[in-house]
Amino acid sequence: MKKIINGDSHCGFYVNPNDARGNFLLQSGTLHKDLLALWCKAVTVLKPQIVIDVGVNFGEILFSMKYPEHSRIIGFEANKELFPYLEKSRIEHPNVKQIELIHKLASDKEDKEIDFYIHKSWSGNSSAVPIFPDHLLKKDKIKAITIDSLFNNTVLNNKSMLFKIDVEGYEEKVLTGMKNIINSCGSCIGFTEINTSFLETAGTDVNAFLSQLNNQFKVLYLKSSQNLIQFNRLDMQTLKSHFNQDEVHIDLILFSDNNLINKFNFNIEII
C-alpha cells in the first residue's frame, strides 16, 4: 500500500502498487491532469453542498483536495478489492467525517443484484459491462442502488452539487438513477467519461443518451483544463467527424446553466 500526495492541496490517497493502474498512478500522480485541475477549481467556485463520485477507483479525484465543511461527500465503488485503500485514504482526509464510501453499484434500479466484472490487472477497467475477454475478468455480484434514494428525505432546492461518473459504459444507468437530484438542485457541475464503444456494448443508444445530456445540461468537451469545446449538435455523427474516429473516448463537462460556466473564464470554441 503506497500513498500519493496531491502537491497542490497536500491531500493524499492510497493505491495498490501491484495493480497496473495503481502503479501507473505512483509513477505519474494522475491519469487525468486536466480533469483533476478542473475538479479542484469547481470545488472552489461552486462550494458544493453535495459531492458525488461514481467509480471512485483509488480516489485520485475524490481525495484530491479539502472540501467545504458543509459538503456531504459520497463515493461509490463497486470493486470490493479497492476498499482497504479507500478506507485508509478516507481516514486520513481532512473531511473524514463528511465522506461516505458505498460498496454498491449506482444504477437505475434499487436493490437488484447485478453481475460486476473486476479486471484482474487494471482496476479501472472493472465494470458492470463485460467489455473485456473473460480471461481478464473476475465475476462478482453486487447490489444496485439509485443515487436518488439517498436523498429521499433531503430538501434539495438551491443546493449545489458536484459529481463525477466514470463507470466504463454504465453512465446512462447512473444518470437515470440520479435524475431527481439533478432536476432538484439549484446548480450543478458534472464530469462524465464517454466511451461510445463501451456504451454500445452496454446496450445504450448513444445518440439518445447524448440527446438526454444535451436536454439536461450545457455540455462541453474537455480539451484542456482551460480550453473547452461546445458542439452545436451533440450526436455520434458530429463526434466521429470532429475526432475522425468511429469510436470516441472523451471527457464531457456538464453545467446546469451558462451563468455557472461564465464563472470559470474558459476559452470556449463553438463547433
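Residues are numbered from 1 along each chain as its sequence is written, and side-chain values use heavy atoms, with hydrogens and water left out. As the model is predicted, local features need pLDDT of at least 70 and side-chain atom pairs count only at pLDDT 80 or more, whereas totals for chains, interfaces and linings use all residues.

**The largest pocket**

Begin by selecting Gly124, Asp166, Val167, Glu168 and Glu193, which are the closest to the centre of the largest pocket among the 41 residues that line it. Its volume is about 610 Å³. A pocket here is an open set of points on a 1 Å grid over the protein atoms alone, where a 1.4 Å probe fits and protein lies on both sides within 12 Å along at least five of seven lines, and a lining residue has an atom within 4 Å of a point. The volume is the space filled by probe spheres set on the points, which are joined across faces, edges and corners.

Next, colour β3 (50-54), β6 (105-106), β9 (160-165), β10 (187-195) and β13 (249-255), the elements that each give two or more residues to this lining. Strands (E, at least two residues) and helices (H or I, at least four) are DSSP runs, numbered from the N terminus. By class, the lining holds 20 nonpolar, 11 polar and 10 charged residues, where Ala, Val, Leu, Ile, Met, Phe, Trp, Tyr, Cys and Pro count as nonpolar, Asp, Glu, Lys and Arg as charged, and the others, Gly among them, as polar.

**The second largest pocket**

Now select Asn6, Gly7, Asp8, Thr30 and Leu36, which lie nearest the centre of the second largest pocket, itself lined by 14 residues and holding about 260 Å³ of space. Both β1 (2-5) and α2 (33-46) give two or more residues to this lining, and the largest share, four residues, comes from α2.

Return to strand β6 and select Leu105, which counts as buried because its relative accessible area is 6%; buried means under 20%, exposed over 50%, and partly exposed in between, with a 1.4 Å probe and protein chains only. Leaving aside residues up to four places away in sequence, Leu105 touches Ala78, Ile114, Phe116, Ala128, Ile142, Lys143, Ala144, Ile145 and Tyr170, a contact being heavy atoms within 4.5 Å.

Glu110 comes next, in the loop between β6 and β7 (113-119), and is partly exposed at 38% relative accessibility. Beyond residues up to four places away in sequence, Glu110 touches Ala144, Ile145, Thr146 and Ser149. Show the side chains of Glu110 and Thr146 to find the polar contact of 2.9 Å that joins them; such a contact is a pair of N or O atoms within 3.5 Å, and within protein one must be able to donate a hydrogen and the other to accept it, while residues adjacent in sequence count only if both atoms are side-chain atoms.

**Two asparagines with positive phi**

Most residues other than glycine have a negative phi. Asn244, in the loop between α8 (236-243) and β13, has a positive phi near 55 degrees and is exposed, with a relative accessible area of 68%. Finish at Asn265, in the loop between α9 (258-262) and β14 (267-270), where phi is positive and near 55 degrees and the relative accessible area of 61% makes the residue exposed.
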